[in-house]
Amino acid sequence: MDALLAPVVVFDKSTRSTTVYNSSGSAFSTDSSDSPVADIHGRGVLGARLVTSVTDLEPLLATESSNTMIDLWQKGARGALCAYVFRGGTTYVLPDPMGTATVLFLDADRYFVASTSMGALVDRARRLGLDLQPNLDYALEVAFNGGGSISRTSYEQVDRLHPFEYLAVSDRVERREYPIAQWFWESQVSPTELFELYLADIRESISAVANSRDDVNRIAHLTGGLDSRVVLAALLEQGAADAFGYYTVGPTGTRDRDVAEGVESTFDLAPTSFSGLVAPAFSSPVAGSVAALKRTGGMTRQGPTGYERRSDALVLGGGHGELARSFYARRAPAFSQVRYSAHEVALQLFGDSMFGPYNSSRSLLRNQARERLIEGLRTALTRIGSRAENDDYVLDFFYIDGRNRNHIGLTQLSTSDFATRVDPLYSLAGAKLAHCTPLPLRSSGLLLFDLIQRFSPKLLTLPFDSPKFGEELWHVRRQPSVAEFSGRLRPAKYPDAAARPPAIARGYQMESGMSHDEAVRVAASLNAPFWQVKIFKQAAEGVRGALAHNQSDIVEHLNHTGVNWLVKNGLKHKAYLRQVVDLYVVIEWLQQS
């Protein structure tokens, strides 16, 4: 398994000294250096430059002052990317401005410890003799909501910086805010100007990737959905699409793959079975998910497991497209900070299963756990509401602050430990444009529709895996006619790179209780991931066993009646299926942490 690949900053309050452990684990005392020193975690773009190593930070280190350095970074850094820079007696921990590379920190009596990797932070803290305990409320969110949104982090003693914050550590620790936060929240910029800035950010990121090394395997993730199609549209506009192979998860016969291959054949693009990660298979996807959760310190089950080999692949994804529409606000369109209670918001965002009455047969949480999460939500919304101009954007910035960082950002950050992964849709201008776009239009997909219309309008005429645009959109835009897929699928790119090392046996077996063809049929009917269907039987038996034998601390926070109902009905809806599988994975991680 790999070493923990993120730098860690340790400030000793008793001696007022700082030690930085670089990404290879070597210690460097900042008291012994007068020249600028830097390290990075993640991959991304700085202006028109692709950042994959410390040498790519040369423009940052060449700035004349710390203020100039901060200004260059806040305006130009895009992606899940954090720079650790020591200059002028101060250690700066500089995440991208939206904090997609989340800076986690532990503020103990003697030590302040910070890193963009929970695994690295926990490892260093325990070496310092500090005791850390898993945050079971965060674990409940991972199990039933797919990732953390309300709870701050996966460990009780660890907190995180807010978006637009960075650290400056000298003889004390300071949490500072990038000046660009004021531009984001308070400046008056026209939607037309913001849209042009949004286009420019995406084009510059695509250009940075296209103009980088051409001796690597270039891969773009392509699904049947909307975000990856925006990335493809930008590649087509730049004339760079043919340089990539297009990777899709799932076997033939699933909707995602059928739509993606239809797009590929229509535009004469080459598919690939290489995701960009050279990863061994596990005896069961459960083992891989548990390993990923363990590697990220309980923050997410997505992304690398730590058993991957480093590759020279350059991978494009489109996770930040969600920032241009509405993830949470559309679920509570009448939200008002004055009229709504946190409990009402929780019900509309996360549903009855987490926040309904405890005596309900479908409620998954006991009262105390539910109330703690509601109070956490109240605190988060109050803080965001003090900055947001429009009530209808509070919940969508809550998504940026929580789920986007804990799921999309962390997956990108973790993947970049083994391959270069870049999200061209990362744009502060795009997020600000969403902020000033009325909710009905934002949630209809207007901004992403307009991006594709500008980049490659033909893509709007091809089918998606499901309807992507709301009726409100057709009041302001002409609905494109629908065309059929055409052409023939090209041979796959990078066939040798997709070869996997021998499988790893981790004590789990793939016992699905159904044939491959039956699992494909069920996955297609639910529009659910194939692998979740395949392991459902195993997950269901594992959850039942944990409840019956009280095998994990998390069990005392669960309503057993509701969880048993969920397991019984797990193959009736993709949300139930995911919750059963994720709960099983979380229980397994907690037993090993």
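A residue is called buried here when its relative accessible area is under 20%, exposed when that area is over 50%, and partly exposed in between, as calculated with a 1.4 Å probe on protein chains only. The model is predicted, and for that reason local features need pLDDT of at least 70 and side-chain atom pairs count only at pLDDT 80 or more, whereas totals for chains, interfaces and linings use all residues. Residues are numbered from 1 along each chain as its sequence is written, and side-chain values use heavy atoms, with hydrogens and water left out.

Helices (H or I, at least four residues) and strands (E, at least two) are DSSP runs numbered from the N terminus, and two strands pair if DSSP finds at least two bridges between them. Strand β2, residues 17–21, is mostly covered, with four of its five residues buried. Its antiparallel partner is strand β1, residues 8–12, to which β2 is joined by five bridges; among the contacts, D12 has S17 of β2 as its bridge partner. Four residues lie between the strands of this hairpin, where R16 takes a positive phi near 55°.

A further set of strands forms an open sheet of three, in the order β6-β5-β7 with antiparallel pairing. Its edges are β6 (49–51) and β7 (77–78), each of which pairs on one side only. Strand β5, residues 44–46, meets β6 over three bridges in the antiparallel sense, and G44 stands opposite V51 in β6.

Helix α13, residues 391–401, is largely enclosed by the rest of the structure, because nine of its eleven residues are buried. The buried residues of α13 include Y393, L395, F397, F398 and I400, together with D396 and D401.
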